[in-house]
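Visitor: I would like to learn how to read a protein model. Could you take me through it step by step?
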Amino acid sequence: MGFYNIGSLLFVILMVSSSCSETKECGKCVYQSKVAFFSSPSALSSGACGYGPLALGFEGGNVAAGVPSIYKKGAGCGACFRVKCKNSKLCSKEGTRVVVTDLNTSNQTDFVLSSNAFKAMANKGMGDTLLKQGLVNVDYRRVPCDYKNNLAVRVEEISKKPDYLAIKFLYQGGQTEIVGADVATVGDANWNYLSRNYGAVWGTDRVPKGALQLRLRVTQGFDGLELWQDKAVLPADWNIGVVYDTGIKVTQVAQDACYPC
């Protein structure tokens with residue numbers, strides 16, 4: 001276990017045992033599937049991750065609904081993928097990066113993209129032609145997210161001070177997944193856990209008093225990371241609908257579990 005102090009952030013790195021070979025690039029697996037698209041942007045802004053209209057600002061509106069193995073009961077919300085169409089006449093070699101904001105229950109495609117994301121796979125001037133295809137073959141892989149913003153939390157409307165607090169995580173960079181969260185009064189070692197309500201929304205009915213600090217457990221595959229901000233993330237007078245900067249910028253890239261690529 002290693003400890004790193006960087007400014008006001010304390011990072012605790014936890015290594016989890018794995019049968020993976022250290023040289024195997026499990027996090028770079030390329031998968032093959034088909035993708036379709038939503039004709040209406042609002043379909044993805046009301047998605048299962050709970051991002052609401054904020055989703056339309058992620059990656060310039062290049063967002064996607066992923067199947068359960070990608071959505072991961074909400075842990076996959078906010079994950080980024082590079083998706084490339086395999087039709088070389090219509091599509092660019094670079095493809096496009098998309099952010100998961102919804103659950104796709106179709107068994108025909110791994111992703112349903114926003115129309116913006118679907119068109120972004122195309123060669124210049126071929127976006128509308130690609131849309132007419134409706135369904136295309138693609139390669140895709142997990143890639144890091146890159147936000148100018150720090151990790152942020154939004155206090156959700158279901159919160160009810162002082163009895164219940166619900167927060168939504170936004171702008172999680174890197175290539176990791178939030179699997180646990182705790183809250184405590186600043187300077188207090190008595191942490192209360194939050195439970196995942198759905199998607200990117202977490203809540204607790206054990207709301208500490210005063211200004212609040214957060215602690216997160218972020219993991220993917222066989223690498224794990226625990227981090228917290230020892231200064232106030234939520235002020236004592238936190239308000240519903242407000243987005244608060246955690247002061248944490250997540251850039252870590254964790255490996256995928258070693259499934260056959």
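Here is a dialogue on reading this model.

Guide: This is a predicted model, so local features need pLDDT of at least 70, side-chain atom pairs count only at pLDDT 80 or more, and totals for chains, interfaces and linings use all residues. Residues are numbered from 1 along each chain as its sequence is written, and side-chain values use heavy atoms, with hydrogens and water left out.

Visitor: How many helices and strands does the protein have?

Guide: Helices (H or I, at least four residues) and strands (E, at least two) are DSSP runs, numbered from the N terminus. The protein has 4 helices and 16 strands.

Visitor: What percentage of the residues count as buried?

Guide: Buried means under 20% relative accessible area, exposed over 50%, and partly exposed in between (1.4 Å probe, protein chains only). Of the 261 residues, 50% count as buried. The accessible surface, by the Shrake-Rupley method with a 1.4 Å probe and, for residues, only the protein chains shown as cover, is about 12,800 Å². Carbon and sulfur atoms hold 51% of that surface.

Visitor: Which residues does Asp 182 touch?

Guide: Contact means heavy atoms within 4.5 Å. Leaving out residues up to four places away in sequence, Asp 182 touches Trp 191, Asn 192, Tyr 193, Leu 194, Gln 213, Leu 214, Arg 215 and Arg 217. Asp 182 sits in strand E11 (residues 177–185). It counts as buried because its relative accessibility is 5%.

Visitor: With which side chain does the side chain of Asp 182 make a polar contact?

Guide: A polar contact is a pair of N or O atoms within 3.5 Å; within protein, one must be able to donate a hydrogen and the other to accept it, and residues adjacent in sequence count only if both atoms are side-chain atoms. Here the partner is the side chain of Arg 217, at 2.6 Å.

Visitor: How far apart are Cys 49 and Asp 102, in sequence and in space?

Guide: They are 53 residues apart in sequence and 5.4 Å apart in space, C-alpha to C-alpha. Cys 49 lies in the loop between helix H1 (42–45) and strand E4 (63–66). Its relative accessible area is 0%, so Cys 49 is buried. Beyond its neighbours within four places in sequence, its contacts include Tyr 71, Cys 77, Asp 102 and Ala 200. Across the protein, residues 24 or more positions apart account for 71% of the contacts with a separation of 6 or more.

Visitor: How many cavities of 30 Å³ or more are there?

Guide: Rolling a probe the size of a water molecule over the atoms shows where empty space is left. On a 1 Å grid over the protein atoms alone, a cavity is a set of points where a 1.4 Å probe fits but cannot get out; lining residues have an atom within 4 Å of a point. Grid points are joined across faces, edges and corners, and a volume is the space filled by probe spheres set on the points. The count is 2. Of its 16 lining residues, Tyr 51, Cys 77, Phe 169, Gln 172 and Ala 200 are the closest to its centre.

Visitor: Where is Pro 162 found?

Guide: Pro 162 is in the loop between strand E9 (151–155) and strand E10 (165–170). The peptide bond from Lys 161 to Pro 162 is cis, with omega near 5°.

How values were computed:
On a 1 Å grid over the protein atoms alone, a cavity is a set of points where a 1.4 Å probe fits but cannot get out, and a pocket is an open set with protein on both sides within 12 Å along at least five of seven lines; lining residues have an atom within 4 Å of a point.
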